[in-house]
Amino acid sequence: MVERTKQIIVEGRSFRLQKLPAARAYAILVELLTKALPADFLIAALGDFLPARLQNGREKSMMSMEDLEGLQMKLLSAVSEELKGGWTPVVDSNGHFQVEDLEDDMLLFGTLLARVMEFQYGDFFTGLLSWLGITLEEPEELPENSMESFTEQGMSANTSLVP
């Protein structure tokens, strides 16, 4: 069974993360992989997962600053902070901050966003890395190992990993 909620402590503050609905999480993931993180080898590896129209280079361009900020707010839309009055969403449906200091504390914001990404997509990316033959047993060697894996298979970052 998929863990639907998780409570975490960040800088002494209690936050509750909730899984986004699958359709919304998928849409955000496609946006992340095709615009926020335009790595050719990831897109090639996900050929069966991504819609065909998103696999060609014409669709892939970096996000604008406004689009990236909007994406971050979408990710934080399923996060609440425990305050004296109860659980309060950290952002409202219009993307406005609803809790103290989060808008002005880049370290807290970044840490919380990273924890949200880990919770929402950790299983997906772990599975993807495993499918690519990359393990996280020795994270400090990840970049070297991943490049060796591509080299051993005679692949480059622009080579399709999907048969």
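1. Basis. The model is predicted, so local features need pLDDT of at least 70 and side-chain atom pairs count only at pLDDT 80 or more, while totals for chains, interfaces and linings use all residues. Residues are numbered from 1 along each chain as its sequence is written, and side-chain values use heavy atoms, with hydrogens and water left out.

2. Overall fold. The protein chain has five helices and four strands, in the order β-β-α-α-α-β-β-α-α along the sequence. Helices (H or I, at least four residues) and strands (E, at least two) are DSSP runs, numbered from the N terminus. Of the 163 residues in the chain, 34% are buried (under 20% relative accessible area; exposed is over 50% and partly exposed in between, with a 1.4 Å probe and protein chains only). Among contacts (heavy atoms within 4.5 Å) with a separation of 6 or more, 60% join residues 24 or more positions apart.

3. Helices H1 and H4. H1 covers residues 22–36 and H4 residues 106–131; they pack at an angle of about 75°, with axes 12 Å apart. Axes are lines fitted to C-alpha atoms, for helices over the stretch in contact, and angles run from 0 to 180 degrees between N-to-C directions. H1 and H4 are therefore roughly perpendicular (65 to 115 degrees; under 35 is roughly parallel, over 145 roughly antiparallel, the rest oblique). On the H1 side, Ala 25, Ile 28, Leu 29, Leu 32 and Leu 33 meet Met 117, Gln 120, Tyr 121, Phe 124 and Phe 125 of H4. This contact of H1 with H4 has nine nonpolar, one polar and no charged residues (Ala, Val, Leu, Ile, Met, Phe, Trp, Tyr, Cys and Pro count as nonpolar, Asp, Glu, Lys and Arg as charged, the others, Gly among them, as polar).

4. Largest pocket. A pocket is, on a 1 Å grid over the protein atoms alone, an open set of points where a 1.4 Å probe fits, with protein on both sides within 12 Å along at least five of seven lines; lining residues have an atom within 4 Å of a point. The lining of the largest pocket has 13 residues, and Lys 19, Ala 25, Gln 120, Tyr 121 and Phe 124 lie nearest its centre. H1 and H4 are the elements that give two or more residues to this lining. By class, the lining has nine nonpolar, one polar and three charged residues.

5. Helix H3. Asp 67 lies in H3, residues 65–76, and is partly exposed, at 42% relative accessible area. Leu 68, also in H3, is partly exposed at 34%. The C-alpha atoms of Leu 68 and Ala 36 are 7.2 Å apart, across 32 residues of sequence.
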